[in-house]
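Open the model in your viewer and keep the sequence beside it. Each stop below says what to select and what is there.

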Amino acid sequence: LNIEDLLKSGLVEQSNSVRGERSVCLQQRPLEILVVDDSISVRTVVARLMQRQGWQVWTAKDGVEAIERIHGRKPDLIILDVEMPRMNGYEFMSSLRAQDAFKETPVIMLTSRASAKHRKKAEALGVNGFMTQPYGDEEFVALVKRLSQLNPTLSKSKKDEVKTARK
């Protein structure tokens, strides 16, 4: 257990006791999800679905805006469209996986592109899950729960909370 890594992750906080001892406490926080899609309606529908699970959601309209947002704080999971202006989903994935801090962040590609070609390209770039629109809410939420378990920065208690979140 590396205390310094936990402190950097934001999942724990450090406090000093009266005697000068250092202690660490796990913080409970909801899963944080970044939804990246140029369609405001898709961003809104997906955000509401995730928020109904008790998760925090923030959005970006394209890959450029998403890159700007992840430098401010790190999401636990990213939901990403393929076709967007300025920086598409594939370009975003290349940029994301090139950064050490985001090599393990789970990503779900949510797109209307259902061909094997699109899926293979997404997987080659490091996408962890692929959903085509239209999708079933229960199936989508189950995928988010499953993939959030891959995130090494989530504490065991947070992973247990994700597993038992409302269906």
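Start by colouring by pLDDT, the predictor's confidence in each residue, from 0 to 100. This is a predicted model, in which local features need pLDDT of at least 70 and side-chain atom pairs count only at pLDDT 80 or more, while totals for chains, interfaces and linings use all residues. Residues are numbered from 1 along each chain as its sequence is written, and side-chain values use heavy atoms, with hydrogens and water left out.

**Stop 1: confidence**

The mean pLDDT of the protein chain is 83. Of its residues, 72% reach 70 or more. Now select residues 155-167, where pLDDT stays under 50. The model has 29 contacts beyond four places in sequence for this stretch. (Contact means heavy atoms within 4.5 Å.) Where pLDDT is low, the predicted coordinates should not be read in detail. Helices (H or I, at least four residues) and strands (E, at least two) are DSSP runs, numbered from the N terminus. Among these elements, helix 7 (residues 156-163) has the lowest mean pLDDT, 46. Strand 5 has the highest, 98.

**Stop 2: helix 2**

Select 40-52, which is helix 2. Helix 2 has 13 residues and spans 18 Å from first C-alpha to last. That is close to the expected 18 Å at 1.5 Å a residue; the expected span is 1.5 Å times one less than the number of residues.

Which residues of helix 2 are buried? They are V42, R43, V46, A47, L49 and M50. Seen down the axis of helix 2, its buried residues fall within an arc of 160 degrees, so they line one face. (The arc is that of the directions from the helix axis to the C-beta atoms. Buried means under 20% relative accessible area, exposed over 50%, and partly exposed in between, with a 1.4 Å probe and protein chains only.) The buried residues pack against strand 3 (32-36), strand 4, strand 5 (77-80), strand 6 (107-111) and helix 6 (137-148). Turn to the face away from the buried side and find I40 and R48, both exposed.

**Stop 3: just past helix 2**

Select Q53, in the loop between helix 2 and strand 4 (56-60). Is Q53 buried or exposed? Q53 counts as buried because its relative accessibility is 10%. Its side chain reaches the backbone oxygen of L49 at 3.3 Å. Then click G54, which takes a positive phi of about 90 degrees.

**Stop 4: the cores**

A nonpolar core is a set of buried Ala, Val, Leu, Ile, Met, Phe, Trp, Tyr and Cys residues joined through side-chain atoms within 4.5 Å. The largest core has 22 residues. L34, V36, I78, L80, F92, L96 and M109 touch the most other members. Helix 4 gives the most to this core, with four residues. Zoom in on L34: its contacts include W58, A66, I70 and I79. A second, separate core of 21 residues includes V46, W55, Y135 and L147.

**Stop 5: helix 6**

Select 137-148, which is helix 6. Helix 6 has 12 residues. Its buried residues are F140, V141, L143, V144, K145, L147 and S148.

**Stop 6**

Most residues other than glycine have a negative phi, and most peptide bonds are trans. Select R86, in the loop between strand 5 and helix 4. R86 has a positive phi of about 65 degrees although it is not a glycine. R86 counts as exposed because its relative accessibility is 56%. Finish at P134, in the loop between strand 7 (129-132) and helix 6. The peptide bond from Q133 to P134 is cis, with omega near 0 degrees.

Note on methods: A polar contact is a pair of N or O atoms within 3.5 Å; within protein, one must be able to donate a hydrogen and the other to accept it, and residues adjacent in sequence count only if both atoms are side-chain atoms.
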